[in-house]
Amino acid sequence: MNPTKYYRLQNEEILSENGKVPLISNSSTDNGVMGFSNLEANNKGNTITCSDTTLGADTMFYQANDFIGYSHIQHLVPKFEPFNKAIASVIIVACRVSTSKQYDYGNKFNREAMDKTKIQLPIKNGKIDFDFMENFIAELEAERLAELEAYLLATGLINTTLTAEEQKVLKNFENVKFEEFNVIDVFNVKNSGNILSRDIVENSGETPYLCASSENNAVSSYISYDKKYLDRGDCIFIGGKTFVVTYQEKDFYSNDSHNLILYLKNEEKKSKLNQLYLATCINKSLGHKYSWGDSISNKKIQKDKMTLPIKNNQPDYATMNTFISAIQKLVIKDVVLYADKKIAATQQVIA
């Protein structure tokens, strides 16, 4: 293990919008990638990185490609060959399990701590069983990919061919006209219910329990609770204190009565796809107005306006629906291609 090489430059001198070389930081998300650079990579890939200022191995990631290191990023270079992502994944999980309760803000997972950390790995004939690691990860991938393929088939998402109408909407999108509408002319607005987190049992049921988080579509847990506090789904949900805007397909419970629920007034035009579009419009139209110190409320939203695509001076729900359908197919297409490629690869490993 050794510190990564890094450029003694400011972030703006390293990062670039069209950069290709990853800059690895002490972040615990996005594989530690802070951004991308056009500077030359100065650390080799097919290795593991980890920040030495963290509370554990939560910033430990496998780096497939050559990269630029940030200050305090350690470079764990394997002492054996072959080394690959599967083996790295097992080692990283073992490190996280080993360090999960050992470190805090006064006892950081620094380089000295890393040198002393012991982990448990599978062995065979007294030696680390790298073949088992690779096969184990391949089997896990195959299982998850099979689940993904079954989900895509069940939901009809496996069909990623754009219709003529979808192609037309994408091609002509820059020519779509937009106008402002009062939010309350488009939606019926109400406050959500209010169930405090201390009053629930996490993972006790199948009904979403929503908070104001931007993660996991605002779902904090799935619970069982008194149905009289249930809010009806098929709506747009706004975290009152954070202004996180999501579409909620199922009925749900809410953690705070400051959260807002928006039900589309035009029932004939209501669909999941156009409400996904509308959620984005609300976020773009109002997101700049509200913050933690100046949060949205039912009273404030009564005067708010949102920008929507129009046809005959009315919201163009058909275009919204078709546009999201097209975008969904384009995104899922990459997922399907990735799944097909990975399934073929993992089958070869298992065989």
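Which residues lie nearest the centre of the largest pocket? They are L76, V77, F80, I91 and I119.

The model is predicted: local features need pLDDT of at least 70, side-chain atom pairs count only at pLDDT 80 or more, and totals for chains, interfaces and linings use all residues. Residues are numbered from 1 along each chain as its sequence is written, and side-chain values use heavy atoms, without hydrogens and water.

**View 1. Lining of the largest pocket.** The largest pocket has a volume of about 570 Å³ and is lined by 19 residues. A pocket here is an open set of points on a 1 Å grid over the protein atoms alone where a 1.4 Å probe fits, with protein on both sides within 12 Å along at least five of seven lines; lining residues have an atom within 4 Å of a point. The volume is the space filled by probe spheres set on the points, which are joined across faces, edges and corners. Helices α2 (85-99) and α3 (111-116) are the elements that give two or more residues to the lining; helices (H or I, at least four residues) and strands (E, at least two) are DSSP runs, numbered from the N terminus. The lining divides into 16 nonpolar, one polar and two charged residues.

**View 2. The Y62–F83 ring pair.** The ring centres of Y62 and F83 are 6.3 Å apart and the planes are at 50°, so the pair is tilted. Rings of Phe, Tyr and Trp (its six-membered ring) pair if their centres lie within 6.5 Å; planes under 30 degrees apart count as stacked, over 60 as edge-to-face and the rest as tilted. Y62 belongs to strand β5 (residues 61-63) and F83 to the loop between β7 (73-76) and α2, so the pair ties together parts 21 residues apart in sequence. Y62, F80, F83 and F130 form one aromatic cluster.

**View 3. The Y277–F323 ring pair.** With centres 5.8 Å apart and planes at 80°, the rings of Y277 and F323 are edge-to-face. Y277 in helix α7 and F323 in helix α9 are 46 residues apart, and both are buried.

**View 4. Surroundings of S51.** S51 lies in strand β4 (residues 47-51) and is buried, with a relative accessible area of 1%. Not counting residues up to four places away in sequence, S51 touches N26, T59, H72, I73, F109 and M114; contact means heavy atoms within 4.5 Å.

Note on methods: Buried means under 20% relative accessible area, exposed over 50%, partly exposed in between (1.4 Å probe, protein chains only). Ala, Val, Leu, Ile, Met, Phe, Trp, Tyr, Cys and Pro count as nonpolar, Asp, Glu, Lys and Arg as charged, and the others, Gly among them, as polar.
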